[in-house]
Amino acid sequence: MPERWIDFRSDTVTKPTPGMRRAMAEAEVGDDVFGEDPTVNRLQERVAELLGKESAIFVPSGTMANLVAIRTHCRPGDEMICEAHCHLLHYEQAGYAQIAGVAARPVEGRYGVMRLEQLERLVRPANAHFPQTRLITLENTHNRGGGTIQPYPLIESICQWAAQHGLRRHLDGARLWNAAVATGIPPAEWAKHFDTVSVCFSKGLGAPVGSALVGPKELIQQAHRHRKVLGGGMRQAGILAAAALYALDHHIPRLAEDHANAQRLAEALARFDLVELDPPRPETNMVFFRISPRWGTPGQLTEALRQQGILVLPTPEGKIRMVTHLDVCGADVDRFVHVMEKILSANRSTKI
Ligand SMILES: *Cc1c(COP(=O)(O)O)cnc(C)c1O
């Protein structure tokens with residue numbers, strides 16, 4: 001085993017920094033199910049304010065934040081419009097169907113970005129034959145799309161259209177921080193077009209656990225009930241909230257470094273003949289690429305890198321995903337490029 005793995009699989013692998021651990025150790029706590037944890041309360045107020053909403057609720061994961069949001073917006077038999085490759089559809093066990101009883105109407109976007117014209121006929125008329133179209137969800141940045149930023153004017157027009165048709169709007173903003181830093185458009189500006197927004201503290205922000213759902217007070221009150229039945233009522237959760245507060249104070253602007261590292265990584269990869277970036281340009285902290293079958297499979301490349309102490313993630317679409325974050329630096333990117341040069345130029349017969 002190498003002394004230190006360079007882990008590009010996900011921005012969820014970050015470990016709490018010494019400063020964050022100190023903040024956690026010193027956190028004032030209480031029983032949050034009674035609403036008495038002062039640190040959780042402080043975090044909820046802070047996040048609501050950052051996103052320009054009345055209220056927020058702290059939850060253990062982004063999956064729970066999204067599911068709780070869907071349950072506040074929809075009843076069983078309702079339908080939600082979403083992008084065909086969104087996290088909600090692929091990586092959350094179809095909880096919207098399994099637990100909320102909601103049907104999904106997926107729309108194929110380009111790198112996760114849908115066009116308004118694709119949506120225009122999707123709202124179902126009120127008729128006993130049909131599910132009721134109740135909700136649209138968007139994801140920003142879009143994970144499977146490649147860390148893609150939804151164009152701001154598009155969000156404006158999609159949400160305006162949705163409101164005109166009486167649809168609720170939810171944003172899966174697990175990486176909204178990245179979109180905000182990359183564009184300079186503040187989180188609240190993005191959030192104002194949506195009824196509810198979920199955000200994660202445990203991705204690029206580097207906290208060990210936690211997400212939040214923000215929205216109008218009345219919806220967040222309902223969200224409390226849904227969180228409890230899903231098993232998300234936590235007691236002295238201030239220890240975790242302290243990490244999230246620390247992350248909000250210290251780790252937002254530094255996301256720009258992750259974006260710069262992803263850019264460098266992509267530029268280096270683009271110089272290899274055997275590599276094709278897909279999407280061609282990273283917009284935030286994710287890089288996806290294909291390896292030519294002339295060299296081998298994504299699985300073989302993943303293994304060859306692993307033997308050199310570098311971890312990457314092969315995807316179901318036959319690509320390799322690399323994510324930059326708090327725990328990888330520019331020198332790690334250089335090390336990866338150096339290892340790739342060796343691996344790709346090696347005699348094929350020595351390949352794994
Ligand atoms: C990570 C992620 C989530 C939530 O994941 P959890 O592992 O449940 O915290 C939700 N949406 C997107 C786009 C994500 O990348």
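Two strands are taken to pair if DSSP finds at least two bridges between them. Strands (E, at least two residues) and helices (H or I, at least four) are DSSP runs numbered from the N terminus. The model is predicted, so that local features need pLDDT of at least 70 and side-chain atom pairs count only at pLDDT 80 or more, whereas totals for chains, interfaces and linings use all residues. Residues are numbered from 1 along each chain as its sequence is written, and side-chain values use heavy atoms, with hydrogens and water left out.

In E6 (residues 168-173), Leu-171 is the bridge partner of Leu-138. Strands E5 and E6 pair in the parallel sense over 5 bridges. From E5 the chain passes through helix H7 (residues 152-164) to E6 in a right-handed β-α-β crossover (with the strands pointing away from the viewer, the path from the first strand over the helix to the second runs clockwise). E5 also pairs with strand E3 (residues 78-83), in the parallel sense over 4 bridges, and Ile-136 in E5 stands opposite Ile-81. Of the 8 residues of E5 (residues 132-139), 6 are buried (under 20% relative accessible area, 1.4 Å probe, protein chains only).

The residues around the ligand (a heavy atom within 4 Å) include Glu-139, Asn-143 and Asp-172. Helix H3 (residues 62-73) gives the most to this shell, with 3 residues. Polar contacts are pairs of N or O atoms within 3.5 Å. An N or O atom in the side chain of Thr-63 lies 2.5 Å from a ligand oxygen, and for Asn-143 the corresponding distance to a ligand oxygen is 3.0 Å. A polar side-chain atom of Asp-172 is 2.6 Å from a ligand nitrogen. The protein covers 84% of the 380 Å² of accessible area that the ligand has on its own (Shrake-Rupley method, 1.4 Å probe).

How values were computed
Buried < 20%, exposed > 50% of the residue type's maximum accessible area, 1.4 Å probe, protein only. Polar contact = N/O pair within 3.5 Å; in protein donor to acceptor, adjacent residues only side chain to side chain.
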